Each structure stands twice: as structure tokens, then as C-alpha cells.
Amino acid sequence: MGLLEMINFIVPSAIFYAAPLIIVALGGVFSERSGVVNIGLEGLMVVGAFTGVVFNLFFVDVFGDATAWVSLIVAIIVGMLFSLLLAVAAVSFRADQVVTGVAINLLAVAATIFLVKKLFDKGQTDTIAVNFSRIDIGWFNQIPIIGDLYWTSILAIVLAFIAWGIIYYTPFGLRLRAVGEHPAAADTMGVNVTKMRYIAVMISGAMGGLGGAIYAQSISQDFGHATITGQGFMALAALIFGKWHPLGAMGAALFFGFAQSLSIVGTSLPFFSEIPTVFLYILPYVLTILALAGFIGRASAPKANGVPYIKGNR
Amino acid sequence: MAKRKFGLGLSLLLASSTLLAACGEEETPEVAGDTGDEPTEEEVFSVAMVTDVGGIDDKSFNQSAWEGIQRFGEDNNLEQGDGGFDYLQSASDADYNTNLNNLIRRGFDLVFGIGFLMEGAVAEIAQQQPEAQLAIIDAVVEEPNVASVLFKEQEGAFLAGVAAALMTETGKVGFVGGMEIPVIERFEAGFRAGVEAANPDVEVDVQYTGAFDKAELGKTTANRMYSAGADIIFHAAGATGNGVFTEAKERKEQDPDANVWVIGVDADQYDQGAVGDTNVTLTSVLKRVDNAVYDISTMAMNGEFPGGETIVYGLEDEGVALADSRGAITEDVLAQIEEFKQQIVAGEITVPETVE
């Protein structure tokens with residue numbers, strides 16, 4: 001493989017791998033910026049993946065080629081509803097947010113596998129017939145490097161910029177950040193803390209569902225216990241690595257994707273092929289640790305992250 | 001503070017009581033089982049199995065083993081339950097011992113542990129229960145009351161290699177492995193040997209992904225191999241292999257004339273390869289755990305339980321096989337595959353178990 005060929009391979013596959021992570025991490029940015037720690041991203045992804053695949057399987061006759069996109073919308077709605085569990089427990093009932101998030105993860109895996117068993121009478125669903133593929137437009141494919149992209153990859157990058165705009169340049173974003181940094185101050189200025197946090201958690205649910213559905217419909221193409229295994233946590237890592245900033249989260253997810261594809265393409269490079277494969281397996285994680293420890297500096301969370309807001313308490 | 005501690009204490013109490021309750025529930029079937037074998041149907045032979053964490057419908061060896069047991073049950077007019085045939089699922093490694101013990105206490109004459117993950121548990125229970133008859137799939141346990149069942153995966157993979165070498169148009173084929181464990185290495189060794197035997201000029205691109213549950217790694221790896229000119233990829237990588245299918249299907253979708261194929265593993269993966277009216281599945285290497293389980297059960301029923309022995313199933317006794325290619329492989333290639341098969345069965349070709 002020549003250098004250009006290598007770049008031509010690594011860049012699209014890095015973006016492809018990163019797309020679901022970017023979207024889920026963006027959801028996490030909204031939730032955590034409002035002061036609700038969201039360990040439940042993994043669970044939200046599971047629910048999204050399940051919904052996307054099941055809806056796709058059942059409605060493929062109705063929507064035809066558009067099924068995959070309609071499934072995304074359904075997954076967004078179901079993810080939102082599922083995230084209400086976290087919102088109600090963490091915001092209204094002031095439960096421990098980390099514990100609630102863990103519960104969401106456990107519940108999501110158990111409930112979806114249970115439903116798959118009930119619906120299909122086996123451990124995983126059938127393979128979907130309509131899925132996301134590479135963009136198939138003549139002139140676009142001719143563009144070097146990015147010509148091999150997916151619509152979902154472009155969606156993820158666009159969403160990152162939209163999220164950045166919303167969080168930093170709209171009144172809603174300002175309130176969101178205020179609620180996460182100092183809810184009492186926001187409250188005295190007339191911002192409804194509970195409402196803001198509910199909205200933020202539901203956005204994270206929507207994005208989690210979307211990310212899960214994209215993953216399932218573009219990569220695994222079926223749903224089973226091995227479909228979502230840790231991608232939600234990778235998104236969480238991307239969110240922290242990206243310092244709770246939408247573009248930072250995107251960069252971090254792309255970085256993970258880059259490390260991942262490098263580990264795969266590595267075996268066919270003259271220098272890398274000498275390295276024992278186990279080092280290539282751990283490459284993405286080692287690079288992440290190095291980046292976190294060395295180059296990024298202190299990552300500081302929103303001040304009120306993880307703290308339930310109790311009106312009148314100082 | 002005091003209040004919070006009290007709350008913590010309460011929740012701990014709650015947690016432990018649910019745990020204990022769970023234990024209690026697990027006890028009950030055992031007690032029921034003890035009374036269950038009171039009616040002395042001495043002649044009826046009963047058989048049961050414990051799955052590993054893959055579950056009873058994993059489209060792989062657990063499911064296959066259960067199908068074998070069900071077939072055995074039907075053929076011998078047994079019913080599911082005590083005194084007939086049954087299974088227990090393991091949710092985690094910690095369940096193996098409990099499940100094996102449970103089934104032995106319920107009076108099953110033969111209990112299978114499925115998968116090499118259960119090696120330790122089967123060995124331990126075999127020592128504790130010298131009267132029990134146990135069998136393990138994919139591992140060897142050297143106890144007088146345990147029958148060990150292995151498969152010659154390399155023989156099935158050899159035929160896949162022959163098929164790939166004769167069907168490839170680019171002169172390059174790929175192998176995507178899960179983890180580098182002996183079972184998967186047997187697949188690789190067999191595949192390489194098959195390609196070598198059929199056409200030494202064909203290049204084999206081998207890559208392990210290090211995981212059985214990372215479809216994205218399978219997809220990227222397949223992308224790399226197809227991009228580098230391979231046209232047939234054999235995967236032995238569980239759910240990681242889903243990604244290999246995804247990549248092949250995507251290429252086929254974009255260009256219906258694209259020459260991309262996947263060879264599946266363990267079960268017939270034809271359904272996974274469907275793209276519109278076409279299919280990217282060339283064939284699949286089948287591992288007939290069901291045949292082995294059926295065979296061992298029959299032996300045990302006839303009083304010929306092969307305790308302490310290791311039985312290896314290969315092409316000869318249909319322990320491994322190639323799935324129906326449904327026309328994807330041409331007639332003359334099928335004939336050549338059959339020829340190689342006969343040579344292996346006759347012992348003229350010995351397929352290596354490891355890659356030199």
C-alpha cells in the first residue's frame with residue numbers, strides 16, 4: 001500500500017467508525033452540560049440499535065428504500081422516551097446519577113434481548129435487508145479521500161457543528177451551560193432548572209438512540225447481545241477527552257477511529273507488520289491514555305455535573 | 001449523615017434479600033428434581049446440557065448441540081424435563097459448576113458441558129461426582145467419567161480453502177480470525193493448506209481482529225482485504241464476522257458485478273449474505289456439534305459411554321462439512337472439492353492443525 005492509498009483507506013474508515021460515537025458523545029455533551037452525568041449512553045445506544053433493527057425488519061415492506069432513515073426517526077423517539085427514566089430518577093427524584101446510569105445500561109441490554117427472544121424466538125434478530133451504504137453519486141466518489149464516505153458520517157459531522165452553535169451561540173445554550181455550572185444562579189435569573197435538565201437528558205436520549213440505530217444499520221446489520229459492546233463507553237470517553245465541547249468530542253471520536261483503522265491497516269505496512277499484533281489491538285486505547293495524560297491537560301467537568309439541584313439549598 | 005447511613009444500610013439489606021431470594025428460587029427446581037426421579041423408570045435414558053455464556057440460540061455450537069439433544073430425544077421418545085432431555089443456560093462463568101451439579105442431582109444420565117470455556121468446571125465436577133457421566137465439547141478433560149469431544153475444524157477449513165483457491169479470480173483470498181486461540185488457528189491452518197493444495201499461486205491474506213464481538217473491526221478488515229485485491233474472505237470470528245458480510249454486501253450493492261464473496265463459519269450463514277436477489281455467501285464451514293452430541297448420547301444409552309476418551313470428529317463422520325453453496329460454486333470445482341474430501345477421509349492428505 002502506498003502512502004496515498006493508505007490515507008485513502010484510513011480517513012474514510014476512521015470517519016465511518018467515528019460517526020456513531022460522535023453522535024452519542026454529542027448527546028452526552030448536552031446532558032452533562034446541564035449537570036446530569038450520563039453513564040447510560042451505552043444503554044441508550046442499545047435501545048436505539050434494537051429499535052432501529054426491529055423497525056427496519058418489520059416495516060421494510062412499507063417504506064422500501066427509505067426504511068433505514070425512518071428507523072432512525074423511530075429510534076430517536078424511543079431513545080428519548082427511554083431516557084425519561086434517567087431524567088425522572090436523576091432530576092425529579094434526585095437519585096444518584098451514576099447509579100441510575102448504570103441501571104439504565106443493565107436494563108437496556110436485558111430488556112432488548114428479552115424482547116428479541118419474544119419477537120423472534122431466538123437470540124438475535126434476522127439480518128436487515130435495507131441498510132446504509134456508501135454514498136453512490138458519481139462525481140462525489142471521484143473526490144479523493146472523502147469520496148468513500150457515508151451519509152451517516154456527514155450527518156454526524158454536521159450535527160457536531162449544529163450542537164456547537166446551539167450550545168455556544170443561542171440563549172438556550174447559555175441557559176443549558178448556566179444550569180450545569182451554577183443551577184442556583186440560573187434559577188434566580190428565572191431559568192427553570194428542572195425543565196432545562198429534562199430537555200437536555202431527552203436530547204441525549206435522542207442522540208443515543210440515533211447513534212445506536214446508525215451503528216446497527218450500517219455495521220452489524222442485526223441485533224444481538226454482541227451488537228453494542230462498549231461503544232457507548234467509548235463515546236463517553238470521547239466526551240471527556242473532548243472536554244465537554246461538541247467539536248472536541250467530535251475530534252476525540254475521530255481520533256479513536258483513526259487509531260482503530262491504523263491498527264487494522266498496520267499489518268499490511270512494512271514497518272508495522274513487524275510489531276506483534278497484540279500491540280496493534282491495544283493501540284487505540286494506549287493512544288487515548290497518552291493523549292489524555294499528556295497533551296490535553298486537565299479536563300474539567302461542568303461544576304454542577306452530577307449534583308441534583310434542590311431549590312433553596314446552598 | 002446518620003440518616004444517610006441508615007438509608008445505605010436499608011438498601012444493602014434490600015439488595016442482600018433480593019440476592020438471597022434469587023438463591024431460594026434456584027434451590028426449588030433441585031428439590032423438585034430430587035423427588036422427580038423417585039418414579040423408577042430405570043430403563044429410560046436421560047440427557048442434558050449446560051450452555052456456555054453464548055446461550056441456547058447463539059446460531060453456533062450451543063444451538064447446534066441443543067438441536068442434537070432434541071433430535072436424540074425425539075428419536076427415543078423422550079420428553080423435555082426430568083427423566084428426558086433438558087438444558088440449563090449459563091449467564092456467566094460462575095454458573096457452570098452450579099448448573100452441572102444441578103443437572104446431575106436431577107438424575108440425568110449424561111450431562112454435556114458445551115464449549116472450551118467449561119473445561120475447568122467439568123473437570124471439577126467430574127472429580128466430585130465420580131458416578132456421573134459427563135461430556136465436554138471443544139476441550140479435553142482427562143477424567144475417567146468424562147468423554148471429550150473435539151472437531152477437526154482444519155478439515156472443513158481445508159475444503160473452504162480449496163473452494164476459495166479455485167473460485168478466486170484475483171489470485172488473492174483473505175482469512176479474518178477472531179482471537180488467536182487454538183480452535184481459530186485450526187481454521188486458519190486448514191484454510192491455508194487447502195489453498196496451497198489447490199493452487200499454490202494464490203495468496204492468502206490473514207488478519208486477526210482480537211475480538212469476537214466487534215463488527216466494525218471485521219468490516220474495516222474486510223474493506224482492507226477487498227481493497228487490496230482479495231475477492232473471497234473466510235471468516236472465523238463470530239459476531240466480528242458480521243462486519244465482513246456487511247462490507248461484502250455493500251460492495252455488491254454498489255456494483256452488482258463486483259466479485260466479492262464470504263465464506264461463513266460454524267452454521268450455514270447463507271441468510272446473512274443476501275443482497276437483494278443475489279447473495280455474497282460462497283459457502284460455510286459447518287461444525288456439526290449436533291451430530292457429535294447425538295452420537296455420544298447414543299453410545300452412552302447403549303452402555304458404551306466413552307469415558308476418559310477423546311473423540312475427534314472430522315470429515316469422515318460428518319463432524320465438519322461444507323454447506324450447500326446453492327450454485328455459487330461451479331460443478332467442476334465441487335467435483336474437485338469432493339475429490340479432496342475423499343483423499344482426506346482416506347487418510348491420503350493430513351491437514352495440519354497449526355500454522356507452521
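Across all its chains, this structure holds 15 salt bridges (a salt bridge is a side-chain nitrogen of Lys or Arg within 4 Å of a carboxyl oxygen of Asp or Glu). The model is a predicted one, where local features need pLDDT of at least 70, side-chain atom pairs count only at pLDDT 80 or more, and totals for chains, interfaces and linings use all residues. Residues are numbered from 1 along each chain as its sequence is written, chains are lettered from A and ligands numbered from 1 in the order in which they are written, and side-chain values use heavy atoms, with hydrogens and water left out.

**Stop 1: a salt bridge in chain A**

Select A:Lys311 and A:Asp187, whose side chains meet in a salt bridge at 3.0 Å, N to O. A:Asp187 sits in helix H8 (residues 183-188) of chain A, while A:Lys311 lies in the segment after helix H12 (277-295), so to speak, 124 residues apart and in distant parts of the chain. Side chains of opposite charge can pair when their charged atoms come close. Helices here are DSSP runs of H or I with at least four residues, strands are runs of E with at least two, and both are numbered from the N terminus.

**Stop 2: helix H3 of chain A**

Now select residues 67-92 of chain A, which form helix H3. How far apart are the end C-alpha atoms of H3(A)? They are 36 Å apart, which agrees with the 38 Å that its 26 residues should span at 1.5 Å a residue (the expected span is 1.5 Å times one less than the number of residues). Look at A:Leu86, where H3(A) bends by about 25 degrees; the bend is the angle between axes fitted to the seven residues ending there and the seven starting there. Just after the helix, A:Arg94 takes a positive phi of about 55 degrees.

**Stop 3: a nonpolar patch**

Select A:Phe58, A:Phe59, A:Val62, A:Phe63, A:Phe114, A:Leu115 and A:Leu119: together they form a nonpolar surface patch with about 650 Å² of accessible area. Patch residues have over 30% relative accessible area and no salt bridge, with nonpolar side chains (Val, Leu, Ile, Met, Phe, Trp, Tyr) joined within 5 Å and like charges within 9 Å. Areas come from the Shrake-Rupley method with a 1.4 Å probe, and for residues only the protein chains shown count as cover. Which helix gives the most to the patch? H2(A) does, with four residues. A:Leu115 belongs to helix H4 of chain A.

**Stop 4: two sheets in chain B**

Move to chain B and find the open sheet of six strands in the order S2-S1-S3-S4-S5-S13, with parallel pairing. Strands S2 (85-88) and S13 (310-313) stand at its edges, each with a single partner strand, so one side of each has no neighbour in the sheet. Two strands pair if DSSP finds at least two bridges between them. Strand S5 (residues 146-151) is joined to S13(B) by four bridges, and B:Ser148 stands opposite B:Thr310.

Another open sheet of six strands runs S7-S6-S8-S9-S12-S14, with mixed pairing. Its edge strands are S7 (203-208) and S14 (320-322). Finish at strand S6 (residues 172-177), which pairs with S7(B) in the parallel sense over six bridges; there, B:Gly177 stands opposite B:Tyr208.
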